[in-house]
Amino acid sequence: MKHQIDNIWIGQKDLENDKDFIAESNLEVSQQAVTAADMTEHLAGNRRDFLKFLGFGLGAATVAAGCDIPVKRAIPYVVKPEAIVPGVANYYASSFVNGGDFCSILVKTREGRPIKIEGNDLSPLTKGGTSARTQASVLSLYDTNRVASPLMKGNEGWKSSSWADVDKMMMTTCQSSGNIRIVSNTNMSPSSKKALSEFSAKYPNAKWVVYDPVSYSALLEANAQNFGKRAVPSYHFDKANVIVSFNADFLGTWISPIEFAGDYIKNRRIDDVTKAKMSRHIQVESHMSMTGSNADNRILVKPSEQGVAIAHLYNTIVGGNISTSGLNDKAKKALTKVGGELKANPGAGLVVSGSNVVAEQLMVNAINNVLGNYGTTINMSVTSHQAQGSDADFAALVTEMKAGSVDLIIVMNANPAYDAPMAKDFAGALAKVKNKVSFNGTVDETTELCDIIAPGHHFLESWGDVEAKEGMFSLIQPTIAPLFDTRQAELSLLIWAESANVDKINPQPYYEYVKNNWKNTVFPVQNKVSSFTGFWDSCVHDGVFNLDKSSGSNSFTAVTISGDITKPSGKELEISFFETVHIGNGQYASNPWLMEMPDPVTRTTWGNYLAVPVNFDGVKTMVGFQDLKDGDLVELNIGASKYTVPVMQQFGQMPGTVAIALGYGRTGAGATGNNIGVNINPDVLLMNGYRQNFNTNVSISQKTGEEKDFSCVQYHHTIGVKGIDTATGKEINADEAALVFFDYFTGVKGFQGALTERSVVYTAHVNDLANSIEGLTKKRKHAQHLNEQQIYRGFDHNYKLGHHWGMHVDLNACIGCGACTVACMAENNVPVVGKHEVARHHEMSWLRIDRYFYGDVENPNTIYQPMMCQHCDNAPCENVCPVNASNHSSEGLNQMAYNRCIGTRYCANNCPYKVRRFNWLDYTTADIFPGNQPKVAAESTPFGADNLTRMVLNPDVTVRSRGVIEKCSFCVQRIQEGKLAAKVEGRSLVDGDVKTACQTSCPTGAITFGDMNHKDDLLSNKLESPLNYIALEEINVRSSVTYTMKVNNRDKSLDA
Amino acid sequence: MSAVVSPIRKPLVTGHKTYHQITEDLISPTEKAPTKAWTIGFIISVAVLAYGVFCILWTIYVGIGSWNLNRTVNWGWDITNFVWWIGIGHAGTLISAILLLFRQKWRTGVNRAAEAMTIFAVMCAGLFPLIHMGRIWLGMFILPYPNTRGPLWPNFNSPLLWDVFAISTYLTVSLLFWYTGLVPDFATIRDRAKGMRRKIYNTLSFGWTGSAKHWQRWESLSLVLAGLSTPLVLSVHTIVSFDFATSVIPGWHTTIFPPYFVAGAIFSGFAMVLTLMIITRKLLKLEDYITIEHIESMNKVILVTGSIVGVAYLTELFIAWYSGYVYEQFAFFNRALGPYWWSYFGMMFCNVVSPQLFWKKSWRRNITITFLMSIFINIGMWFERFVIIATTLARDYLPSSWSLYSPSWVEIGIYLGTFGLFFTCFLIFTRVAPVVAVAEVKHILKTGGDQYVGENAPKAHHHHHESH
């Protein structure tokens, strides 16, 4: 006998190490010839068999022919493009820009299709973070509503045209026009500005008007007065120990939220519990904004009290005697205290305000100046370009248009007929403008009123540049050839201006234009690279170029605070309007990913909901304003306008105020975005020409009905808010009492502890950290002790051998912005289901951010808890699956074999974290029955059923069919990619090789993913914090996701 | 006969029947044209069944999304109905097998119909696990058969797989038992029939001749099947209860479930048998075969099992409190006082409070009360499953994911459809087979209570009326 192997063997020959056999088996394809003799034996048959086969074949063919299987053509590359390796992604540095929204990004492309946006670590501004809007922008590239060619309006609506015709027509129009006006949102592109100036030089009657959907006019004006620069300063939230924000949603929407969130959290996360220190954040507002929800303290003031609230702080800090009558006493007391705290932290405080009243912003500037914050937490020497709009300019434009003195208006990436404060006036006045051209890529409300559409590229098809902050340059490079017959808006302007700087014969004229502009402007002022080609190549490669700007002056010129501040209305009810994190003021309403993303604070999707205050009745009910409940319809009267809106009981909403989001009720947002919610823009106030996002002339009817599809993804919002029991006068757990629907006449006040004793979230105060940690440790030890008392051995020993994937989520860093949820949808082909399905709790999100309110029922604190599959090593979903579709990998991953799933849903029932998602209907529009595809909104073809939208799908992730369960996979495709890359390079995996989509999207770095067996990695380091806990640890599912205890720095004395 | 004169044992068959009369009474319904009541009932049943079939096809075509289940409550009416029907299907085996082994002769009056009911109920029940699957067309994945995927076997850890075996075994054994009992009766029908009908019944009776050998084998087979079925009575619902008990969901993860489910199943099974029997004996005029004695015996079983169930409910509450575990405590708190309090209240009232009426003998023997009570119990036991499934799932560990659930028209339609299926089958059964086991009833005519001389004794000495 030959030498025997002791490994796995197949058959005797293998066991005996037969040489021929080994040689044979090492070949990929068997070399053994199939001889004719084999075949005759194999195919031997007689007449009867022949008839049998014939009959079967005929029958099978008949059956098969009955099914209409669509032919799908895939054409391989005949000549392989140099940069593309099929199956391997390419990343290109670029920038996401929309008005003032900016993010430096890497675009992931597969086989030439952009499919995912990642943050660019090299950007000093966004530092690799992203936002939900950034993440979703790739979907708008494949928007079926995009205009496919230049259009001209004829008698019978839009007619396709050609660029030659448009250019010919526009050149004559421009020549013959008197006043030409270009209206746009904030424009941060130096090259674009150059193009605009060339256009203005050619046509001296042309003027560029900038406005913003949510205005920062007053802030800019105040800075112009104090610093001689009409600009936004740099804010450094990381350097502030006390942050006071008057209604500025700086983590969600205000100016530069990605940058601010990253900075803010630096001074909030607790890396060393022995030296725990965090900033105190006080938000002064009426409506619970996302930033407010992250604050330690909220001081409630009505929208019309904003001015006197600022004035009160001004009086306290700067000194002065501005009348503050009308400010509620509680706020007055609290603000006086806050003033003291600010004064105690000179140069380490930061006061910001979302106010759009010049006098109020002047006061804020004065406060910061007196506190010595300029030069430390605020820097006016490096200004931001992220807000440029002027309400006054826009108002002047409307006046001009009304007077009929504008001959040509060019709309450039703006939608003033919807989002401007005087939208209706603008739309009406547009009729008096002779020629109207739009560069917008879709037929939005403004474009609909124009005569010519000269559609611009999507930013992923464009060349361009951005200077979001002075000296911080970014490039935009195309990642796909234009999908449609569109043209860069700037190029159109240059062509119409007959610019000498445009080489029309060049295939990419605007590329050359941007490049030349950089050669003449950016390149000469730097001294890092000597050759322009080298400089340019590195800039395109990196996507960013940072000019070290020598710090300029922060010299503050005091001005007398004159002019009106907002007068407290004294009315019983006021309404505030706010921009949401996902939809903005409607700019993103046509994006189904963002429409489906739950609002971080209300957790509602697909529509705007009237936030009404809610309070505990002292017995056992949470009572909404006028007894309104979630999903009730009411008639909202603002001035002469009437809206029918659904209601949301909003914790933290100030009594006597209500709030509703801007940006909904659009009519030009395409089939999936139209008529979702109501458009509240017509009722924003103007004060001295400045847009004010509130109204005091408001009333709300009693309940008129119920919302058909109340699409809120979280029904229970609190985890132990406390209120006063009217019977005993004692503090009880209000929402536990409110869980009782029928008490059998016993007067039971809930089951106290039902929510607070849950091992789902833990909270602590920063000053009481040691005690809280002790309590947590004790509880965890007890749970671990119980978990050891079992006879089932488990497979833990397996996971110690290779990789053991795990995740750490720092709840102190999570601000709830939702970037990760959209990133997850994009990465994992998670379907959009639409309002009706969300209302039925059929949302498919693999990653959600649970939001809980805790503490004082009237003015609670908030926890955001990203919740995804916990990849339990003793997973309850796995043992109940009858077909092993849910199973465990040797690396600790909980896997789903979609093809094996028969859809019993037992796994979803048995998941304690409720993260498993079932394909209730044919959400991916891939079913064999074409008639059963649900529609997301009113679209004619179900969303995603067309080949254009499907281009966004990630080819590495299976699209799931109807009837199967799906859930977070820890981005297993990325793990696999990382492993393969390491294998090709002949090394073992190192920290950072594998990052999940949620991790890379996070602007604050709240999520850390890695191999728990690598003891030196970042994850293992984070896993050592005593703040850590495992959700529901005592049920012994042994989850692989670790959370941290949420720590706040609430100053209880402000509540008194 | 040789029997001892008994002052206490009341006759199991009243009305001084002769063997021939029994044959006439029980076989003739299969020979006559259907009554008007039967025809109307049959039309309604088939119509309801057709609607149910439509709803099932709709579910398969559109998807489970045509139901109102959601990411939190992944089982609703489907599994509620499944457990309910399975529970109802318990009385048949109990009566056939356990009572046979215990020599409870009164069982012969009701066992045939109860067994038929069992089979039809199990058919209705079996429908739900099938159609609740997202991809029913891949349902064969659940069966352990050699395949080319590895081979890839089902997950033997999963209680759902145990269900497949438990229910299919139960259906098979129940079917065999039922059919075995039918063989001599089919032969009786055959002997009275002519032409095609005779041929059919000849086939159905497997050429039964009534020879001593046949009877001997028949008796042995019945006994063997009874032996096989007896553990099934306990195992089927025990395994169904594992669907819940082996989970980690508070309110499901309890060790009390197996006995509690079995008691509940017998409870609901007997209630359903009573509902049907009371109607059948009236319509087919079988008051002499299904007597008040039968009804009282069954009511006693209901009283016992209902009380067991009641104790189980209270034990659950006690253990929840005693566990000191917040999720467990809240789960039961929520059942009783939460948004679905009415279903818990309904369950408690129908299952625990109302059967206590049966402590009183005259109420046990009152047909109206019994009938109402049987309906109550059917409703109550449905509530019990709804409470266990929907109420528990709606509010489990993470408050963020709490939701509510109410059925869609499709789910209601399918439930109605199972009634259609059940009654269609039952009505056909009453037309093709004797609803009372003829051979077995004849067997007890002379042994049970024949010599009864108590106060309710018939005036004539019936031993003078011996068979012709």
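Colleague: Into which domains is chain A divided?

Modeller: In this predicted model, chain A is divided into domain 1 (89–214 + 389–521), domain 2 (217–384), domain 3 (574–715) and domain 4 (763–1048). Domain 1 is written as two segments, 89–214 and 389–521.

Colleague: How many residues of domain 2 of chain A are in contact with domain 3 of chain A?

Modeller: On the side of domain 2 of chain A there are 18 such residues, and they are in contact with 22 residues of domain 3 of chain A. The elements of domain 2 that give two or more residues to this side are α8 (217–227), α10 (290–294) and β11 (297–300) of chain A. Of these, α10(A) gives the most, with 3 residues. By class, this side of domain 2 has 6 nonpolar, 10 polar and 2 charged residues. The centres of the two domains, taken over C-alpha atoms, are separated by 26 Å.

Colleague: Which strands are joined to β43(A) by bridges, and are they parallel or antiparallel?

Modeller: Strand β34 (residues 805–809) of chain A is joined to β43(A) by 3 bridges, and the two run parallel. In β43(A), Tyr1043(A) has Val809(A) standing opposite. Strand β42 (residues 1028–1029) of chain A is joined to β43(A) by 2 bridges, and this pair runs antiparallel. Here Asn1028(A) stands opposite Thr1044(A).

Colleague: How many helices and strands are there in chain B?

Modeller: Chain B has 16 helices and 0 strands. Its radius of gyration is 24 Å, close to the 23 Å that the globule rule gives for 468 residues, so chain B is as compact as a globular protein of that length. Along its principal axes, the C-alpha trace of chain B spans about 75 × 55 × 40 Å. Of its 468 residues, 51% count as buried. Among contacts in chain B between residues at least 6 apart in sequence, 84% join residues at least 24 apart.

Colleague: Is helix α16 of chain B mostly covered or mostly uncovered?

Modeller: Helix α16 (residues 438–445) of chain B is mostly covered, with 6 of its 8 residues buried. The buried residues are Val438(B), Ala439(B), Glu440(B), Val441(B), Lys442(B) and Leu445(B). Their cover includes α1 (19–27) and α6 of chain B.

Colleague: Where does chain B touch chain A, and what is the class of the residues there?

Modeller: In chain B, 47 residues are in contact with 55 residues of chain A. Helices α2 (36–62), α6 (159–192) and α11 (326–337) of chain B each supply at least two residues of this side. The most come from α11(B), with 6 residues. By class, the side of chain B that touches chain A has 25 nonpolar, 19 polar and 3 charged residues.

Definitions and conventions: Residues are numbered from 1 along each chain as its sequence is written. Chains are lettered from A and ligands numbered from 1 in the order in which they are written. This is a predicted model: local features need pLDDT of at least 70, side-chain atom pairs count only at pLDDT 80 or more; totals for chains, interfaces and linings use all residues. Helices (H or I, at least four residues) and strands (E, at least two) are DSSP runs, numbered from the N terminus. The radius of gyration is taken over C-alpha atoms; the globule rule is 2.2 Å times the number of residues to the power 0.38. A residue is buried if 20 or more other C-beta atoms lie within 10 Å of its own, exposed if 12 or fewer, and partly exposed in between; C-beta atoms are placed from the backbone. Two residues are in contact if their C-beta atoms, placed from the backbone, lie within 7 Å. Ala, Val, Leu, Ile, Met, Phe, Trp, Tyr, Cys and Pro count as nonpolar, Asp, Glu, Lys and Arg as charged, and the others, Gly among them, as polar. Domain bounds come from an automatic or database domain assignment. Two strands pair if DSSP finds at least two bridges between them.
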